[in-house]
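The sequence and structure are shown first.

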Amino acid sequence: MEQPFSKRHSTADTKSIITGLLLTGSLLTGSLLTGSLLTGCRNAIVPPAMPVLSTPKAFSKSQDTTSVADMSWRTFFQDANLVSLIDTALAKNPDIQLAIQRITVARANVENAKGLLAPQVNAVVSAGVDRYGKYTLNGVGNYDTNFSDRISGPRVIPNPTPDYFLGLRSSWELDIWGKLQNQRKSAQLRLLATEKSKHLITTALVAEIARLYYELLANDSELDIIQENIQLQERAVELVNVQKDAGRVTELAVQQFSAQLLNTRALEFQVEQDIIRIENQLNLLLGRYPQPIPRGKQLIQDQRLPSQISAGIASQMLSRRPDIKQAELEMEAANIDIAVAQAQFLPSLTLSPYVGFNAFRASVLFNPASLAAGILGGLAAPVFNRRLLKSNLLISEAQSKAAFYGYQKVVLTGFSEVSTSLKGLENYRKVASLQSQEVNVLKQSVGVSNELFRGGYAAYLEVITAQRNVLEAQLSLINTKRNQFTSLIDLYRSLGGGWN
């Protein structure tokens, strides 16, 4: 009597069958892989050569290799209040938090690109049913098979015929042209570029907070100067009233002095409003609601500029400045994308192995005899969609050129900003020196004009003019000091400092 199939094949026999199938699949995989790798070694798609941008070697005749950008912002800025504000902003600024999330997305894209290089293995549970027609190949074959003397019991093929599978299925595209490797490299470069964008936001944030802080100090100094001049002009109004009572001047003189006092008082409120505006801008950067900003009071007396400023050499800026490094990395990634687009025209080799339990009856699905394994390898090349691939290649080439021009623009901007800031520091220092002398002379002229007016040797218009001139000169000196600190901050930022 014939034994059932499940008893005639032992577990060892089943393992032998599976081993044979896997060995056959391995040989197929090996032969395809070897041939593909040999072909790939001869025809690997290499990205085109990177364009070279010529740049100056130095910012000036001096070849000093030290740079203010080498300093941490904690060392560069000496004001403890300013350092505290920057610390708060780096922890709470919304733009910094957004940049961190963009880095997370870019890092996930790198992991996704790495995953394309590895086999995709899926655990599969499937069930289906087919009803074959009597005049089909499967219908006739299954009908005839059931009449065999060797087919009985659970081996009889039912109609409709169920199909149950429980196991693993895999799909693996072999990287024979380096396409997947190039995609991974491109994703990694864009991750680095995203990190540089965070550095760029950081250095811009540090510079903007410092700029607003010194602008706030400048407005505080302006307010002090205006209040001093208000007191001076109030005494002048009292003096002219005395002169009027004595019959030495007319009501016109009193009106002129009073009008000047009113103008200065109006200016006081304008500066106070500017202070509120700047404080709110700072609070926004700090990621908090409006509140007073702690700070020092005197821009001229309490804040000192460094005696020596060095920009270093150009190569230091190119390697340190975040926006230049970001543009360079994006240019490299776009260049690699061209190789990826070129590889799309070539055949792709995909292997699809599987192993698991497969049967047309659920009752014997886990029977050792139901174990099945197989592998399919195939090359697929584009035929009718080459127009789409050509357009993708043209897009990649155009994006690569655009990335190069973007890199060129950022480099040109960097050199221009450094040059402007260096010259600004030099020229504003000279302007401040001359304006300080001007303020001292005009302060003396105010005292002289008051004495002459009391003695009747000067007209009231001369007193008004002297008072107006000293106020304007003092405000101009404060503005120059503000420009000095702004130039210093711009130089620090343009050299790539502030993010490390």
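## Salt bridges within helices

Helix α11 (residues 322-343) contains both lysine 325 and glutamate 328, which are three residues apart, about one turn of the helix. Helices are DSSP runs of H or I with at least four residues and strands are runs of E with at least two, numbered from the N terminus. The side chains of lysine 325 and glutamate 328 form a salt bridge at 3.2 Å, N to O; the term denotes a side-chain nitrogen of Lys or Arg within 4 Å of a carboxyl oxygen of Asp or Glu. Glutamate 328 is partly exposed, its relative accessible area being 21%. With a 1.4 Å probe and protein chains only, buried stands for under 20% relative accessible area, exposed for over 50%, and partly exposed for values in between.

In helix α12 (residues 386-455), lysine 430 and glutamate 426 are four residues apart, again about one turn of the helix. Their salt bridge has its closest N and O atoms 3.6 Å apart, and glutamate 426 is partly exposed at 39% relative accessibility.

## Basis of the model

The model is predicted: local features require pLDDT of at least 70 and side-chain atom pairs pLDDT 80 or more, while totals for chains, interfaces and linings use all residues. Residues are numbered from 1 along each chain as its sequence is written, and side-chain values use heavy atoms, without hydrogens or water.

## Other salt bridges

The structure holds 21 salt bridges. One of them joins aspartate 323 to arginine 321 at 2.8 Å, N to O, and both of these residues are buried. A network of salt bridges links Glu208, Arg211, Glu215, Asp274 and Arg277.

## Strand pairing

Strand β2 (residues 161-174) runs antiparallel to strand β1 (residues 120-130), with 11 bridges between them; pairing requires at least two DSSP bridges between two strands. Glutamine 120 has serine 171 in β2 as its bridge partner.

Strand β3 (residues 348-359) also pairs with β2 in the antiparallel sense, over nine bridges. Here leucine 168 stands opposite valine 355 in β3.

## Cavity

There is one cavity of 30 Å³ or more. A cavity is a set of points on a 1 Å grid over the protein atoms alone where a 1.4 Å probe fits but cannot get out, and its lining residues have an atom within 4 Å of a point.

Conventions: 1 Å grid on protein atoms, 1.4 Å probe; cavity = no way out; pocket = protein on both sides within 12 Å on 5 of 7 lines; lining within 4 Å. Points joined across faces, edges and corners; volume = space filled by probe spheres on them.
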